[in-house]
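Please view the sequence and structure first, and then read the sections in order.

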Amino acid sequence: MPQAIGYAAQAADKDLEYFEFERRDPTAEDVEIEIAYCGVCHSDLHQARNEWGGTVFPCVPGHEIVGKVTRVGDKVSKFKVGDTVGVGCMVDACGHCHSCDEGHEQYCENGFVGTYNGEDKHLGGVTFGGYSNRITVKESFVLSVSEGLDLAGVAPLLCAGITTYSPLRHWGVTKGHKVGVVGLGGLGHMAVKLAAAMGAEVVLFTTSPGKVEDGKRLGADHVVISKDEEQMKAWTNQLDFILNTVAAPHDLDAYLSLLRLNGTMCLVGVPAEHHPSPAVFNLIAKRRSLAGSLIGGIAETQEMLDFCAEHGITSDIEMIAMDDINEAYERMLKSDVKYRFVIDMATLKQK
Ligand SMILES: [Zn+2]
Ligand SMILES: [Zn+2]
């Protein structure tokens, strides 16, 4: 019996396939988790296909993990066997730099350890992610998950949820604010739900007229078709904050001009090619800011999970079997998913 089984890409141009590998036994500070669900993030596809460079093969992707604790080390105090837990994009960080000291492990100055394709300090080589039956993670990087929510729908909160929650919180989105969300995909649909739950008036911008109804169902007060110049113009100087989730190059000025005085647009989508540079005067004229944000720290991720439990928020998902992962990647490239694929790990069997 192998210690762990999963699905891995063996090379950038190969489909993911069945893979057996080693997981460490829990050290005194570790939690061992049997994985129930793992979300499928666009970063998984980028890394499995080495589109960002630096992927070490074989690569087991997956950083939206929910499961049950099966073993804990002697010094573990927050978790016990049987607890429902989550793991997101990070499994370790240096713990002593300015960013780590402030609880922003995602900005660790020495580089956080990714849940997959990160440096494995225990076994050597790289870390293997959540497209697998189990994982061993340091207690301080394990999140507590409420059992009151649909657990498959919780999995995407660990990346898509925190990636959108953190900037909404950082820029103080609250009741009375007008907040724009650009793009209705895995990130955008979470941004709409979260901003609405924070009390903001939410304006969704989409290129697809077919998404208007869905946008409103998810919590948007207004849906603007971004190709329609008249509709766009009506929001000039109106928005306090914009969360832009689009990962394709586009004209940022079209959105920056919708910000009111001191407004900020935060980018969370990473396009393969650069956006055209925004016009400086458009920023100066209303003291506007253009910013970026990366996932969230561990304490903030816990805060996000607790916020979602309190407000009954999960991701809208389509459940797939482990064998369907390659087809899911092709559909994800066509944005043919509402709004996140989640792998049911009960379908992963030893071969
Ligand atoms: Zn992700
Ligand atoms: Zn650090």
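## Positive phi values

Asn 262 lies in strand β14, which covers residues 259–267; helices (H or I, at least four residues) and strands (E, at least two) are DSSP runs, numbered from the N terminus. Although Asn 262 is a residue other than glycine, its phi is positive, near 70°, and at 40% relative accessibility it counts as partly exposed. Buried here means under 20% relative accessible area, exposed over 50%, and partly exposed in between (1.4 Å probe, protein chains only).

Arg 287, found in the loop between α9 (280–284) and β15 (289–292), also has a positive phi, of about 45°, and is exposed with a relative accessible area of 59%.

## Basis of the values

This is a predicted model, in which local features need pLDDT of at least 70 and side-chain atom pairs count only at pLDDT 80 or more, whereas totals for chains, interfaces and linings use all residues. Residues are numbered from 1 along each chain as its sequence is written, chains are lettered from A and ligands numbered from 1 in the order in which they are written, and side-chain values use heavy atoms, with hydrogens and water left out.

## Cis peptide bonds

Phe 57 and Pro 58 are joined by a cis peptide bond with omega about 0°, and Pro 58 is placed in the loop between α1 (42–48) and β4 (65–72). The peptide bond from Lys 338 to Tyr 339 is cis as well, with omega near -15°, and Tyr 339 is found in the loop between α11 (325–333) and β17 (340–344).
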